[in-house]
Amino acid sequence: MSQKKDDMSTEAVGLGRRRFLNTAALTGLTLGVAACNDKPETAPAASGTSAAAPAAHASSATHLKPGELDTYYGIWSGGHTGDMRILGLPSGREIHRIPCFVPDALVGWGLTNESKAVMGTKPDGSLRYTVADTHHTHASYKDGNYDGRYAWINDKINSRIARVRLDYFVCDKITELPNVQGFHGIFPDKADPVDPAINYTTRVFCGAEFAIPLPNNGGDINNPEKYRSMFTCVDAESMEVRWQVLIDGNCDLTATSYDGKLAATNQYNIENGVHYEDMMSSERDACLFFNIARIEEAVKAGKFTTVGTSKVPVVDGTRDSNKDPKTALTAYVSVPKNPHGVNASPDAKYFICAGKLSPTATVIELSKVLDWFDGKMEDLDKAIVAEVEIGLGPLHTAFDGRGNAYTTLFLDSQVVKWNVDAAIKFHAGDKTAKYVVDRLDVHYQPGHINASQSETRAADGKYLAVGCKFSKDRFLPVGPLHPENEQIIDISGDKMVLLADHPVRGEPHDFIIFKRDLLKPKQVYDIDDFPLAIKDPKESGVTRNGKKVTVKITSQAPAFSLREFTVKKGDEVTLILTNLDKIEDLTHGFAIPKYNVNFIVNPLETKSVTFIADQPGVFWCYCTHFCHALHLEMRTRMIVEA
Ligand code: K7E
Ligand code: CUA
Ligand code: CA
């Protein structure tokens with residue numbers, strides 16, 4: 001196909017998509033683009049669009065033979081299912097879901113006392129929240145690569161951050177952030193800004209998208225100009241909130257530098273607008289940088305306030321208070337209208353903001369931002385080393401470790417591969433620099449994108465995954481609700497090659513992909529991790545303290561240690577179950593009919609549930625998780641005396 005014909009067909013497809021968007025729910029967004037672009041139809045230096053058909057050699061890469069293992073882990077956010085999902089790549093197979101913020105029927109998350117303690121309860125013992133909306137997930141670092149300790153994930157609805165232990169793949173802590181709403185971007189630091197010996201993650205940064213009255217207790221509700229947003233730092237180990245920064249405008253996505261000195265958030269609402277028209281009124285918004293060392297010095301020096309009942313130190317990062325670079329805690333680098341993601345390049349040099357309502361990507365050189373903080377560069381916007389057109393609706397960017405960036409174009413339904421150095425040359429005046437290397441149609445309207453090892457120093461440029469928000473015609477129809485389409489792309493060559501479509505249940509956003517040997521998961525628990533563990537079946541039995549009854553029981557296939565146990569109507573029963581089977585993969589379940597109880601115990605795990613025995617009778621508690629040839633016979637009788 002000739003270059004010319006290729007371009008024409010791309011244009012025709014592009015127009016078709018724009019018509020679709022204009023008639024769909026996205027009218028507001030498209031109108032916004034049309035209003036703010038001089039030439040929304042042009043993207044310079046395009047070198048043609050890759051063929052959508054997968055090459056024969058590459059498509060086999062995603063098909064693993066029976067018994068073959070994937071070479072990469074993928075950690076996906078689950079969206080408003082509130083969980084984290086573990087995929088194997090390149091096959092795209094979903095291996096596991098880790099419940100975090102929302103109850104989960106398989107494991108009994110939100111039902112057992114242990115999971116409720118992590119999730120948080122009201123004074124009456126019921127769960128404080130049962131809805132969540134996870135968007136961004138990132139893992140802990142050491143020496144610029146993942147170290148396999150933790151992953152974190154946000155809940156946008158209730159502004160909570162959850163931590164997942166990557167040895168057991170379980171959520172072990174959840175912290176609710178004070179004084180913020182719409183907690184969206186999340187990113188761990190990669191080093192300490194001051195102490196070079198701390199070359200691993202000790203902080204997690206959280207950007208809040210919505211501005212609210214501070215404190216939000218009924219005052220200032222009709223004065224939106226007083227609403228404010230904050231940037232929050234959480235301790236990676238204790239999960240306590242360390243400090244917050246009051247800012248102008250909002251936070252969205254978050255990025256951190258490899259030297260630990262800088263964190264940043266893109267801002268689409270520097271206008272502090274309440275309605276979307278207001279949020280789009282300015283031609284430029286910002287990428288807001290935080291000088292971590294200075295913020296922590298200010299906290300140490302007591303230069304902070306607190307808000308409402310929260311004791312968390314809040315430092316002032318607003319524009320007016322940070323005009324002097326030598327003392328500034330924050331720096332607002334301007335970027336075109338309503339940018340979306342901000343991503344750190346694996347060479348540690350740049351943060352890249354995607355334009356969203358502007359067809360551009362903005363490349364910000366981190367050493368220049370540091371020069372501004374040091375008083376060595378007067379004009380902060382000189383840190384922008386490229387601002388180039390790449391296509392319509394740029395959202396998120398990934399990297400291959402060979403100098404190329406891959407940005408999703410939501411409105412164009414494409415991934416654009418572009419060369420960062422060439423973009424910098426083009427921006428500097430060399431109009432012959434061809435920075436767009438390749439374009440590939442994806443299906444459809446991509447949001448997040450990530451490449452294998454992309455957000456580490458070890459970006460390896462093998463696979464790219466793209467989270468397409470619409471799947472339309474790509475899968476068998478299943479009624480009005482469509483799955484999303486996670487597409488896997490081979491990026492090892494010059495041209496991107498689409499390898500596979502995968503339906504995913506709504507509605508993942510962000511994900512990371514990394515080599516499987518970075519994790520060393522354990523498959524059997526340590527019995528000593530559980531304070532209530534029943535280490536010997538002989539300890540089983542019923543003990544009573546007034547109306548409070550404790551039932552201790554163990555499981556060893558194909559039997560529970562108690563064949564029956566008796567309580568009285570009206571008792572508050574706490575049932576503790578330890579699975580004494582220490583064989584890998586030998587999980588048991590425990591269900592109590594009519595009492596709404598079911599949970600599982602993995603090898604050497606202990607869990608407990610508490611309920612009121614309000615219905616007299618015989619209740620066959622049985623094992624719900626297939627464990628043995630006598631699985632169906634694995635039962636115990638709960639007798640509730642009237
Ligand atoms: Cu682009 Cu919440 Cu990461 Cu979704 S955000 S796509
Ligand atoms: Cu134990 Cu099934
Ligand atoms: Ca704006």
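Start with the second largest cavity: β12 (254-256) and β17 each supply at least two residues of its lining. Helices (H or I, at least four residues) and strands (E, at least two) are DSSP runs, numbered from the N terminus. This is a predicted model, where local features need pLDDT of at least 70, side-chain atom pairs count only at pLDDT 80 or more, and totals for chains, interfaces and linings use all residues. Residues are numbered from 1 along each chain as its sequence is written, chains are lettered from A and ligands numbered from 1 in the order in which they are written, and side-chain values use heavy atoms, with hydrogens and water left out.

Back to that cavity. Its volume is about 50 Å³. The lining is F187, K190, T254, A255, T256, Y258, V342, N343, A344 and E455. By class, that is five nonpolar, three polar and two charged residues. The classes are these: Ala, Val, Leu, Ile, Met, Phe, Trp, Tyr, Cys and Pro count as nonpolar, Asp, Glu, Lys and Arg as charged, and the others, Gly among them, as polar.

You will want the cut-offs. On a 1 Å grid over the protein atoms alone, a cavity is a set of points where a 1.4 Å probe fits but cannot get out, while a pocket is an open set with protein on both sides within 12 Å along at least five of seven lines; lining residues have an atom within 4 Å of a point. Grid points are joined across faces, edges and corners, and a volume is the space filled by probe spheres set on the points.

How many cavities of 30 Å³ or more are there? Two, by this rule. The largest cavity holds about 120 Å³ of space. It is lined by 16 residues, and the closest to its centre are H138, N343, H448, E455 and D510. The split by class is five nonpolar, nine polar and two charged.

Now the largest pocket. Its space comes to about 1600 Å³. Of its 48 lining residues, H96, Y168, F169, V170 and Y525 are the closest to the centre. Which element gives the largest share of the lining? β3, with six residues. Elements supplying at least two residues include β1 (72-77), α4 (113-119) and β37 (606-612). By class, the pocket lining has 23 nonpolar, ten polar and 15 charged residues.

F169 leads us to the aromatics. The whole structure has 20 aromatic pairs. Y73 and F169 make one that is tilted, 6.1 Å centre to centre with 35° between the planes. For the rule, rings of Phe, Tyr and Trp (its six-membered ring) pair if their centres lie within 6.5 Å; planes under 30 degrees apart count as stacked, over 60 as edge-to-face and the rest as tilted. This pair links distant parts of the chain, 96 residues apart: Y73 sits in strand β1, F169 in the loop between β6 (160-165) and β7. Are they buried or exposed? Y73 counts as buried because its relative accessibility is 19%. F169 is buried too, at 11%. Buried means under 20% relative accessible area, exposed over 50%, partly exposed in between (1.4 Å probe, protein chains only).

A second pair, F426 and Y435, is edge-to-face: 5.0 Å centre to centre, 65° between the planes. Both of these residues are buried. One aromatic cluster contains Y73, Y141, Y146, F169, F187 and F514.

Next, the ligands. Around ligand 1 we have H135, H136, H184, L253, H340, H396, G447, H448 and H509. A residue is near a molecule if one of its heavy atoms lies within 4 Å of it. That shell has one nonpolar, eight polar and no charged residues.

Ligand 3 is a calcium ion. Its protein donors are Y268 (O), E271 (OE), E271 (OE), M279 (O), D285 (OD), D285 (OD) and N338 (OD1), lying 2.2 to 2.6 Å from it. Donors are N, O and S atoms within 2.8 Å of the metal (3.2 Å for Na, K and Ca); water is not among the atoms, so sites may look incomplete. The donor spacing in sequence is Y-x2-E-x7-M-x5-D-x52-N. Y268 counts as buried because its relative accessibility is 11%. M279 is also buried, at 19%.

Last item: K356. It lies in the loop between β18 (350-354) and β19 (360-365). At 18% relative accessibility, K356 counts as buried. P394 is 38 residues from K356 in sequence, yet 4.7 Å from it in space, C-alpha to C-alpha.
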